[in-house]
Amino acid sequence: MWRALVFIGLLALAAYGAVWLADRPGDVLITYGGYRVQTTVAVALILTVGTAFLLALLWAAVGFLLNLPSRWNYASRARRRARGFSAVSRGMVAVGAGDPIAARRAANEAERLLGREPLTLLLKAQAAQVSGNREAAETAFQHMADHGETRVLGLRGLFVEARRRGDLAAARSYAQEAARIAPTVNWANEAVLEAQCAEGDWRGALAIVDRRASIGLLDKATAKRERAVLLTADALARADRDESGALASALDAVKYAPDLVPAAALAGKLLARRGDLRRAAKIIETAWKATPHPDLASVYINFRAGDSAQDRLKRAETLAKLSSWDPEARLALVRMAIEAQDFDKARHTLEPLLADRPTMRACLMMADLEQAEHGATGRVREWLARASRAPRDAAWVAEGYVSDRWMPTSPVSGRLDAFAWQTPPDLLAEHPAMPAVVDDVIADLDDKGEKRPEPVLTAREAEPPEAAVPIPSAEITPAGPEAAPSAGAPALSRDSGAVQAEEVGVFPTKAARKGNGAAAEGETETGHEPKPVVFPVEHAPDDPGPTAAPRRDESKPSRFRLFGI
């Protein structure tokens, strides 16, 4: 639209000039070298414009002829560059698809057409990585690190290759150089932070976190949490040699993260040593409300070394009220009740933890309670056996690694603040050897000469159970007044004192079954299948049995604990 208006305006201007010249006639006289040329103004103007136009055409033709070689070279380079970038695109696709042959072919073509372009070097390095040629990949990354535009990218490639071959010192140097050149590069800062944490340089790691937070690589919440973790690690490292510095670091960590259990436990412990019990109690109670933990309970209950068992029991009750009777609070209260010999209170407190599926610590605590109240009885062995197959309690878990103590970094990947207080996955939901044992018992009924594979047990499962009672395989005579049942009699119940062989876990071996005599073999050959044998077994001499009242020693109950919690 605007072009049409401009064209119409120029046309109108030309018409106006033509009319103006027509209204004002005149002559133009040119005398040069004895020649005299005379014409009108309009003709002179037309000749001048035509001459200028011809001169312009002549100049354009001369310039075109002079620039023709350079134009030809430029067009050739453009076509070559287009072919090179097309090869780069094909190479990237081949790298993504995992085709090393096509990736190498495209990388060589791109290098031939484009030279040492940044994308060409990157494609060559990635093609070498896909092919497994680490030396070629490092060479390509080194060429990239020598150029200013691709220096950081080359350093990252060298960093990855150095970590892949296990050269941590070289990897750290590459990361430090990249962090110096480009402070906003996140991977370099994380690598330097990880290396400093691995060396125990917590103050240097804290400076890295502060720098990342100042340039916006970390949000405020994450920066506070990482500062608290690093200060806690510094306090734990200095606790034995510099108690004042450790206390200062622990208090700073509590300011950043009041719910961090290791920081609160260490700060409360060090403050209690200095006699500042009120401040220590406030720190422990704040962390306990967020995360009930055995370490917090241990520090809180044992603030003063000379307190009686009743005083410690009262503090355990305070923790239970603060956490609304969390299982950790119940376990701590039961432990203090056992030490105070308040066995009724211990049983009442521990009862909710034994209702559904008691954990390992709950079973061990019940075994300690039975040991403290009644001495070494069958019930202690029963709870210890249940503890061996009970669900696991909460522990410090980081990326599948389970630890009984907190660590600032993960031993798997080196990531900061990786440990969390949670229940580990229960891999042994059921006892894997039980089906194999049952199959071995009924092998005479369904096994016609086939040899069954022996059950494979772990080291823990291979240990003999403590509650098993050895029984001779040749002949069993009941110790009680009741006579042994006949071969066809039904199995006796638990109330009558008889226990089936499958429940006790004691079975006659195959060698004993083969040596029972020709009568048993004759019955098998004629088609009479043997039936499972039931052995009536009396309880152990020190086992009160399911109905007998517990024996109470007249002497003072033993305070020996089989398993401390």
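First, the ground rules. This is a predicted model, so to speak: local features need pLDDT of at least 70, side-chain atom pairs count only at pLDDT 80 or more, and totals for chains, interfaces and linings use all residues. Residues are numbered from 1 along each chain as its sequence is written, and side-chain values use heavy atoms, with hydrogens and water left out.

Okay, the overall picture. The protein has 25 helices and five strands; these are DSSP runs numbered from the N terminus, with helices being H or I of at least four residues and strands E of at least two. Out of 565 residues, 33% count as buried, meaning under 20% relative accessible area with a 1.4 Å probe, protein chains only. If you take the contacts (heavy atoms within 4.5 Å) with a separation of 6 or more, 53% of them join residues 24 or more positions apart.

Now the hairpin. Strand β1, residues 27-32, pairs with β2 in the antiparallel sense over six bridges; for two strands to pair, DSSP has to find at least two bridges between them. One spot to look at is Leu 29, whose bridge partner in β2 is Gln 38. Two residues sit between the strands, and Gly 33 in this hairpin takes a positive phi near 60 degrees. And how many of the six residues of β2 are buried? Zero, so β2 (residues 35-40) lies largely in the open.

On to helix α5, residues 134-145. Its 12 residues should span 16 Å at 1.5 Å a residue, and the end C-alpha atoms are 16 Å apart, which agrees. The expected span here is 1.5 Å times one less than the number of residues. Buried in α5 are Ala 137, Ala 140, Phe 141, Met 144 and Ala 145. Looking down the axis of α5, those residues fall within an arc of 145 degrees, so they line one face of the helix. That arc is taken from the directions from the helix axis to the C-beta atoms. What do the buried residues of α5 pack against? They pack against α4 (118-131) and α6 (151-164).

So let's finish with α6. Its 14 residues should span 20 Å at 1.5 Å a residue, and its end C-alpha atoms are 20 Å apart, which agrees. The buried residues of α6 include Leu 155, Phe 159 and Glu 161. The buried residues of α6 pack against α4, α5, α7 (168-181) and α8 (186-199). After α6 comes Gly 166, with a positive phi near 85 degrees.

Methods: Buried means under 20% relative accessible area, exposed over 50%, partly exposed in between (1.4 Å probe, protein chains only).
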